[in-house]
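User: I'd like to go through some helix packing and then a pocket. Can you take my questions as they come?

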Amino acid sequence: MSWAEHHRETERLTEAAETALREGQTNAAEDLFSQASDSERLAFEALTPEKARTRGISAVGIVALAYKARNFTAAQELAYRFLGKESLPPFAVSQLRNLVQTIWTEEAIAAAGLKFSKDDILVAVRGGQVMTGGAPLDLILRKVEEVRAMFYRTVEMLMNVPLRVRGAPKYEIQHLFRPWLIQAPTGSYQFAVRLESPPQMELGLGTRYVPAVDEVTRKFIDIVSSAASDPGQALAVAVPDEGYRKTFLKLARNLAPTGKSFSELEIKSAIRPQLDGVIFAPPARKAIDETIKKSAPPAAPDSGEDVTFTGILRAVHLDQDWLEVTVNDPDERHIRVDNAGEAIDDVVGPMVNREVKVNTRLLPTGKFMFEDIETIE
């Protein structure tokens with residue numbers, strides 16, 4: 001058989017494996033991925049040395065398919081063979097090294113006996129100050145925290161927990177689903193998030209419904225996809241509760257770029273690459289912002305004038321209903337904004353000591369009343 005015939009068989013087996021995975025047939029999927037890896041090895045052996053790029057793509061595919069089959073020993077042996085004995089193009093060498101690192105992570109997880117969701121959520125940040133494999137630390141830490149907040153909100157919504165306005169999630173919920181950062185494949189700057197779940201008997205949640213980790217991951221993707229593509233109608237279907245919907249809108253707006261520090265954030269499933277990634281770009285942020293404004297209650301005729309200003313968020317005291325922003329126009333001054341109790345802790349918390357835009361109503365008394373707040377990248 002020729003390379004093309006073997007490769008078509010690889011594609012057929014891979015598609016069947018991904019279908020089995022979507023249907024929850026994990027063992028069958030792993031067996032099919034293993035067969036696909038073997039098929040692609042035959043395809044690789046049919047290639048002549050002049051087909052350097054095709055050989056590189058095929059070599060990476062062989063190792064990746066063995067990895068998806070969770071045959072980590074075979075995947076490593078194949079990777080070392082390709083790296084040591086085969087003359088492959090630089091892109092393939094780089095990707096194979098990254099796959100080896102990913103396999104090491106999976107082996108460590110297996111050895112530790114930790115239970116995780118089957119699906120990784122890949123978060124990629126691109127453009128602006130971001131380069132391949134590197135990005136400003138404060139930017140990435142902020143995105144990690146924002147993704148974490150959205151995961152916990154997804155858990156709380158599925159568990160029918162009343163909307164949390166103050167503080168962190170309950171300890172039991174944080175213990176129930178712990179987001180982990182996992183080694184991600186190469187490409188721009190990206191990280192992978194996977195949920196850990198402890199044994200059921202360790203929980204102290206009584207008879208409350210506890211969703212499976214994979215249900216949380218699927219719902220998370222559903223919510224971010226709706227927020228990015230259709231924050232009005234689609235998100236209302238994904239999140240019927242108005243309070244949760246408004247919170248997800250504000251968290252999604254924080255995720256999306258303004259175009260200043262980076263230009264795009266993509267969220268996608270690691271084991272379902274055939275699904276389109278969710279793209280947050282400046283137009284998506286604008287659409288989310290407009291949806292938030294439309295959902296705001298109309299201001300009373302005598303409630304003062306609209307005033308928007310930018311500055312550094314210096315203090316937040318939501319229990320006492322105010323926050324403070326330092327502005328320079330041109331002299332430094334501190335503006336206290338009252339009526340901030342409607343703000344959500346995990347929306348506003350990451351903004352402290354960062355540049356923000358605040359929408360307020362200026363009363364005849366000179367008080368600024370809170371309307372909305374968002375980060376400026």
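User: At what angle do α2 and α3 pack, and how far apart are their axes?
Analyst: This is a predicted model. In it, helix α2 (residues 26-45) packs on helix α3 (residues 52-68) at an angle of about 160°, and their axes are 8 Å apart. Angles over 145 degrees count as roughly antiparallel, so α2 and α3 are roughly antiparallel to each other.

User: Which residues make that contact?
Analyst: From α2 there are Glu30, Phe33, Ala36, Ser37, Glu40, Arg41 and Phe44. From α3 there are Arg55, Ser58, Ala59, Ile62, Leu65, Ala66 and Lys68. By class, the contact of α2 with α3 has 7 nonpolar, 2 polar and 5 charged residues.

User: Left-handed or right-handed crossing, for α2 and α3?
Analyst: Left-handed: that is how α2 passes α3.

User: Moving on to α6. What angle does α6 make with α8?
Analyst: Helix α6 (residues 137-158) and helix α8 (residues 213-229) pack at an angle of about 110°, with 9 Å between their axes. The range of 65 to 115 degrees counts as roughly perpendicular, so α6 is roughly perpendicular to α8. The crossing of α6 with α8 is right-handed.

User: Which residues meet there, by helix?
Analyst: On the α6 side they are Val147, Met150, Phe151, Thr154, Val155, Met157 and Leu158. On the α8 side they are Glu215, Val216, Thr217, Lys219, Phe220, Ile223 and Val224. By class, this contact of α6 with α8 has 10 nonpolar, 2 polar and 2 charged residues.

User: And α6 with α10, parallel or antiparallel?
Analyst: The angle between α6 and α10 is about 165°, and their axes are 10 Å apart. α6 and α10 are therefore roughly antiparallel to each other. α6 passes α10 in a left-handed crossing.

User: What does each of the two helices, α6 and α10, bring to the contact?
Analyst: α6 brings Lys143, Glu146, Val147, Ala149, Met150, Arg153, Thr154, Glu156 and Met157. They meet Tyr244, Thr247, Phe248, Leu251, Ala252, Asn254 and Leu255 of α10. The classes in the contact of α6 with α10 are 9 nonpolar, 3 polar and 4 charged residues.

User: How many of the lining residues are charged?
Analyst: The lining of the second largest pocket has 8 charged residues, along with 13 nonpolar and 9 polar ones.

Conventions:
Residues are numbered from 1 along each chain as its sequence is written. This is a predicted model: local features need pLDDT of at least 70, side-chain atom pairs count only at pLDDT 80 or more; totals for chains, interfaces and linings use all residues. Side-chain values use heavy atoms; hydrogens and water are left out. Ala, Val, Leu, Ile, Met, Phe, Trp, Tyr, Cys and Pro count as nonpolar, Asp, Glu, Lys and Arg as charged, and the others, Gly among them, as polar. Axes are lines fitted to C-alpha atoms, for helices over the stretch in contact, and angles run from 0 to 180 degrees between N-to-C directions. Helices (H or I, at least four residues) and strands (E, at least two) are DSSP runs, numbered from the N terminus. Angles under 35 degrees count as roughly parallel, over 145 as roughly antiparallel, 65 to 115 as roughly perpendicular and the rest as oblique. A crossing is left-handed if the near helix is turned anticlockwise from the far one by less than a right angle, and right-handed if clockwise. Contact means heavy atoms within 4.5 Å.
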